[in-house]
Amino acid sequence: MRRVLSIISSIIIYLVVSSPALARVSGVCSNCHTMHYSQTPQPSEWGTSGPYQALLINNCVGCHSGTNTGSNKTPYIFSSTAPTYGATGTEGDTLAGGNFYWVANGNNTAGHNVAGICGADTLSIPPGFTNTYPDIEGNTVGGGTWPAGQQVTCAGTYGCHGHHNTTDQVKAIYGAHHTDDTTIDGNSVGTSYRFLMGILGKEDSDWEYQPTSTTHNQYYGVDRSAVPNKQTISYLCAECHGYYHSITKVGTTSPWLRHPTDFDMNNVSTKEYGNYPGDGSKTYSVIAPVGSVDVSAVKSQVLVSSGDAIVMCTSCHRAHGTPYFKLMRWNYQGSSTGGNCSICHTTKN
Amino acid sequence: MKVLVIILSVILSFCLPVKAGNYSLSAHGNASYGVKRDDTNLSGYAQGNCAHCHEQHASINGTEPNPSSAKASKFCLFADNFSGTQAGSYSQSDDFCFYCHTSLESLQVNGITNKDYSATFGGATASVTGIMDTFNQTSYHNLYDVLNSAKSYWPSTFTADSNPCAACHNPHLAKRNKAYPGDPSYTAISKPSAHDQLWGDDPGERLSDFTTYYQAPYYYGSTSTYEPNNQGKPVNGWGSNMPDYDSFCTDCHNSTNTIYSTTLSRNLYKIDWITAGGESGGDKHGKNAATTGLNIKEPFASSDLGITTGFVLSCLDCHEPHGSPNVMLIRREVNGGNLSGNITVFSTIYWSYLCGRCHKDDYKYIHHYDSEAPYPGPPKGCKSCHGSSMKGPINCNYCHFHGGDDSCLNDSSASPYCPTYYTGRRCF
């Protein structure tokens, strides 16, 4: 009897402990799917333009619209009412990628102009676009060209998530939500960081809802080299904004031609950067985060050893949107000092 | 044990990264008058914001604001730091700073007014109103040479990619001294040997710390107020209201550094502003003192320092830092008044325009009739020194220059050759 109890207890403990690591969707099928898209009255959470592919009840934006509470199982990246962002997006109800609310509500430069959320950008192509950054599968965004007026999409050929060689957004991430992503290895969409094909990283269980130095995403970054690592979070951005990642367009060391990404601040820790995040404590800053080569665990301290303080695109920007110009994490444009630039540029406060 | 802790603490303090500065207190970072590039693409950026000088992605919102070079510049600047030109006159594209610091087509919203030292701290009527304009005069701090020297002596700080202006200024720290001419805590300069900190803002960095024998010259048009702020004697003594310019300038222009001047096609005279010792010492306008009496004007003649010799001058009592209508960056206004005319060549008798601002301008008396005159009498054989015409003074620069003495009298290859009268006096 004692042995049986022990086994049962072990199973319970295993389930409790291991569940947060399993980010694949859980719950009843009808949370996401409908067999006939014919229920009357139609549930409010369903989209109104159905039926949808894969018997879904809504499209990408529809399912991921809402208000984050910290306990929601679906990450909400678009809200119909103004989210609480605060000064840096770390204390309100937005997640790591921010929110598309602002770009959808008249602030054209505050987010990626994703089709289905807002109108097309005034920019004809992504700034810094080049066709020389294929993803790990060898697929280049847009097949290497970006037609004028083409909007960015959530997934697919012109999207961030899923396969770039698949036009259909649903097909581009097919099966990803049901994949066991206990191990993020970048080998499939489902086992890539946040379904970003090939990208690595450690996923925070609540998508960085009010993150702290001990509870946050651990982004994958690698010190830059002539042959870029295709699995860093910054490389994902470079797939569209290649000039901003390029060795020739950015440089390999100071003086930089453009602000570097995938650069290890350990290389310059004897300079002002050694005082990160401004007080020299080297505590991981959720306001201006840095990536790392080792993403097996969350880092609360950085600049401890080589490869643990990698400058990323997402050190300054959020991928979806913020209230601020150019999706900046903080109000860079509105600050005489650049605001939180001084978290890294510690003498420029 | 306690000693060990102290030693370890000291060692550790040197290992720690540099302390945080304060860009927001700098002139460029000021929210009211800081950098603000006049371009519609930047209109939404706060005054002082990084983007007015640095374009993080070599573009703003997908386009490149003015000036558009169609290329990315180092340090993410909106234009190249320095063109590498070896001589003036300079244009905006020669130096990044000139894009704003000029009176013509400044990129700064509403422009910037920068007068020369003679006007800003001396009180003279402005003759130029932009830094680039001050350089584009008869003489100027050759930017090519400045950068070469900085690279040579502080290679870990300055490289071929550096801006020459950065040898003397840290753009992220420099303050608006021009608005507070008597308050060195608003200094705009940083020693090249200590680029990461201001010079003059802290106690111990004032001219009064370098010497207690500084007498400030008169402010322009006044016989009761003084440089640099048109006020009386500062509470903490002469020189306490300005940076220690002597230590600043001698960071480069000292008795050991060899500095080549492309403009002059020769090495600059080395300057020993420190060594006392009379005729075997350094410059008598520095810490060395005159070995004879002086015939000097006010406010030196009646200085409350209680001395009539041994004054230590500030380099900027005579020199402009950027450029001047005179040779050798000589100020156009000295000791309360303008020079009588421009000194346009080095070899001339018209150095009296400068020297006469403080010294009684009677060359014949000083050289021949004063009780301590070096060539009393005057001696016979005037032609030896004065040439066949025997009229008037000879060029001052035979003897009077940094480090100079009257050893020219011993040079048989050139006039004036009259070794009989050689005194060995240090003449500067």
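**Figure 1. Chain A of the predicted model.** Of the 349 residues of chain A, 50% count as buried, that is, 20 or more other C-beta atoms, placed from the backbone, lie within 10 Å of the residue's own. This is a predicted model, in which local features need pLDDT of at least 70 and side-chain atom pairs count only at pLDDT 80 or more, while totals for chains, interfaces and linings use all residues. Residues are numbered from 1 along each chain as its sequence is written, and chains are lettered from A and ligands numbered from 1 in the order in which they are written. Chain A has six helices and six strands, taken as DSSP runs numbered from the N terminus (helices: H or I, at least four residues; strands: E, at least two). The C-alpha trace of chain A spans about 65 × 60 × 40 Å along its principal axes.

**Figure 2. Backbone details in loops of chain A.** The peptide bond from T40(A) to P41(A) is cis, with omega near -5°. P41(A) is in the loop between helix 1 (2-18) and helix 2 (60-63) of chain A. L303(A), which is not a glycine, has a positive phi of about 55°. The loop holding L303(A) runs between strand 5 (263-264) and strand 6 (310-311) of chain A. L303(A) counts as buried because it has 23 C-beta neighbours inside 10 Å.

**Figure 3. The largest nonpolar core.** This core has 153 residues, and those with the most contacts inside it are F100(A), M265(A), Y276(A) and L354(B). A nonpolar core is a set of buried Ala, Val, Leu, Ile, Met, Phe, Trp, Tyr and Cys residues joined through C-beta atoms within 7 Å. Helix 5 (residues 233-238) of chain A gives the most to the core, with five residues. From chain B, the core draws at least three residues from each of domain 1 (25-112) and domain 2 (115-355); the bounds come from an automatic or database domain assignment. Leaving out residues up to four places away in sequence, F100(A) touches I77(A), F78(A), G111(A), V114(A), I117(A), H320(A) and G321(A), a contact being two C-beta atoms, placed from the backbone, within 7 Å.

**Figure 4. The contact between chain A and chain B.** Chain B contributes 30 residues to the contact and chain A 31 residues. The side of chain B that touches chain A has twelve nonpolar, 16 polar and two charged residues. In these classes Ala, Val, Leu, Ile, Met, Phe, Trp, Tyr, Cys and Pro are nonpolar, Asp, Glu, Lys and Arg are charged, and the others, Gly among them, are polar.

**Figure 5. Helix 4 of chain B.** In this helix (residues 143-153), L143(B), V146(B), L147(B), S149(B) and A150(B) are buried. Seen down the helix axis, the buried residues fall within an arc of 160°, so they line one face of helix 4 of chain B. The arc is that of the directions from the helix axis to the C-beta atoms.

**Figure 6. Domain 2 and domain 3 of chain B.** The C-alpha centres of these two domains lie 29 Å apart. Eleven residues of domain 2 of chain B are in contact with nine residues of domain 3 of chain B.

Key. A residue is buried if 20 or more other C-beta atoms lie within 10 Å of its own, exposed if 12 or fewer, and partly exposed in between; C-beta atoms are placed from the backbone.
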